[in-house]
Amino acid sequence: MKKNRLFGIVALVLSLVMIFAAATVSAGADTVVSEDEISAIVNTQTDQTLVTSPFTQVASQVRNSVVGINNYQTITSYYGYGFGYGSRQQQSVEQLAGTGSGVVVTKYGHVLTNYHVVEDATRLTVTVAGEEKEYAAVVVGYDADQDIAVLQVSNLKLPPVPLGDSDALQVGEWAIVIGNPLGEEFARTVTVGVVSALDRELEDTNYDRFGRRYTTTNTMIQVDAAINSGNSGGGMFNVLGQLQGIPARKYSSNSFYSSTTVDNIGFCIPVNVAKPLIEEVLRSYDGSDPAGESQQAADNDSMLSKPRLGVSVYSLSSTVTEKLPMGSFVSEVEDKSPAQEGGIQVGDVIVAVDDVTCSSSNALITKLQEYKEGDVITVKVYRAEGMEDFYDHQDLSRVGDGEYIDLTITLRVIDNVTM
């Protein structure tokens, strides 16, 4: 019993010693490190002038010239009964169809981007990081095959970037990509890589403005800088801050190679490809503001008094665009009608009126509603050998190669229910 009591006393003493030692260390900690030492450790600064790299310099030079682009499209639905004017009602809703990027290339508000960024837009706007407003924009030049477009933007006061010479690019040099991946939330994101390869030939299945499918081959710059959805149309810069390419696409595991992992394979359109288009736009620039011009208002007269072409049509299915464009197939032409007098034939596919694409009979109806009797319009048709009996056989093997033809037609009111 005494032995156990002795062990208890020893344990108690040891515990008190440990508590006292811990208290001493704790008390001493308040005085070991001075306030000056704490300040020296915590309150530090970085001298930005001493942190240099070509990436920070380029970002500061050109980042503010990169903008976002909003592609708005109007979706029109029809309801009611019948096919004649006056019996159908339409409802149009505008929606944001997609976003991309662009780069200011002139002091006059011209923005270079991809054609696929602005394709099919009924309204385009440009956004600037840090600003809530949207600037009206208009396409003033494009090349669908090369996937490039130039916009003119109202009241855009941003500095233009210098253009480089993409023929002078070298494999292994830095590639600095700036754009808006995934939209405004990540505006002016900077990613860095190298030029991985030059003169990469990429074959694409494209569609002309009227929906007819064809194949093109373009030469691209391969880079390993990150390119994501929304980067399209932005800038790929060299270390001099010169625009050398327009990011256009990337390979990804889920779209190109279903069973292979793909990382950092992106492609840019060489800026030299876009220079002829930029030059053309500048030569035709007259100082006007096309984005500020008012659009033609729709005529509100009775549908029954509207002028008509005098044709019966139906919309072509998208399954025939391997050989034919999207448009209105003419199955009948009224005798002595404006259409007949203007040269429209059975088998023609109407694809545009006054250079406005009409990819369906509904779109054609909507466009024709804008006109009054006596108006002279230009109707673009696609005409191919063998189309006359396509309506009866629906056999594309009978259809040969065709061409687009512009026909001039004077509209007038005619007493039938054809278009």
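Predicted model: local features only at pLDDT ≥ 70, side-chain atom pairs only at ≥ 80, totals over all residues.
Phe-55 is partly exposed, with a relative accessibility of 23%. Trp-174 is also partly exposed, and its relative accessible area is 41%.

Another aromatic residue, Tyr-72, has a charged neighbour over its ring. Arg-123 lies over the face of Tyr-72, 4.3 Å from the ring centre. Tyr-72 is also among the residues touched by Glu-134; the others, leaving aside residues up to four places away in sequence, are Asn-70, Thr-125, Val-126 and Thr-127. The side chains of Glu-134 and Tyr-72 make a polar contact at 3.0 Å. A polar contact at 2.6 Å connects the side chain of Glu-134 with that of Thr-125. Asn-70 is 64 residues away from Glu-134 along the chain, and the C-alpha atoms of the two are separated by 8.8 Å. Glu-134 is located in strand β5. Its relative accessible area of 36% makes Glu-134 partly exposed.

Strand β5 leads on to helix α5. Residues 134-143 form β5, which is among the elements that cover the buried residues of α5. The helix itself runs over residues 271-284, 14 residues in total, and spans 20 Å from its first C-alpha to its last, close to the 20 Å expected at 1.5 Å a residue. Which residues of α5 are buried? They are Val-271, Asn-272, Ala-274, Leu-277, Ile-278 and Val-281. Besides β5, their cover includes β3 (110-113), β6 (148-153), β11 (243-250) and β12 (266-270).

In β11, 6 of the 8 residues are buried, so the strand is largely enclosed by the rest of the structure. Strand β10 (residues 235-237) pairs with β11 in the antiparallel sense over 2 bridges. In one of the bridged positions, Phe-237 has Leu-243 of β11 as its partner. The two strands form a hairpin with 5 residues between them, and Gly-241 in the turn has a positive phi of about 80 degrees. Strand β11 also runs antiparallel to β12, to which 5 bridges join it. Here Arg-249 has Phe-267 in β12 as its bridge partner.

Most residues other than glycine have a negative phi. Arg-188 has a positive phi of about 60 degrees, and Lys-336 has one near 65 degrees. Both lie in loops: Arg-188 between β7 and β8 (189-207), Lys-336 between β14 (328-333) and α6 (338-342). Are these residues buried or exposed? Arg-188 is buried, because its relative accessibility of 8% falls under the 20% limit. Lys-336 counts as exposed, because its relative accessibility of 60% is over 50%.

Methods
Residues numbered from 1 in each chain as written. Heavy atoms only, no water. Buried < 20%, exposed > 50% of the residue type's maximum accessible area, 1.4 Å probe, protein only. Lys NZ or Arg CZ within 6 Å of the ring centre and 35° of its normal. Helix = DSSP H or I, 4+ residues; strand = E, 2+ residues; numbered from the N terminus. Expected span 1.5 Å × (residues − 1). Contact = heavy atoms within 4.5 Å. Polar contact = N/O pair within 3.5 Å; in protein donor to acceptor, adjacent residues only side chain to side chain. Pairing = 2+ DSSP bridges.
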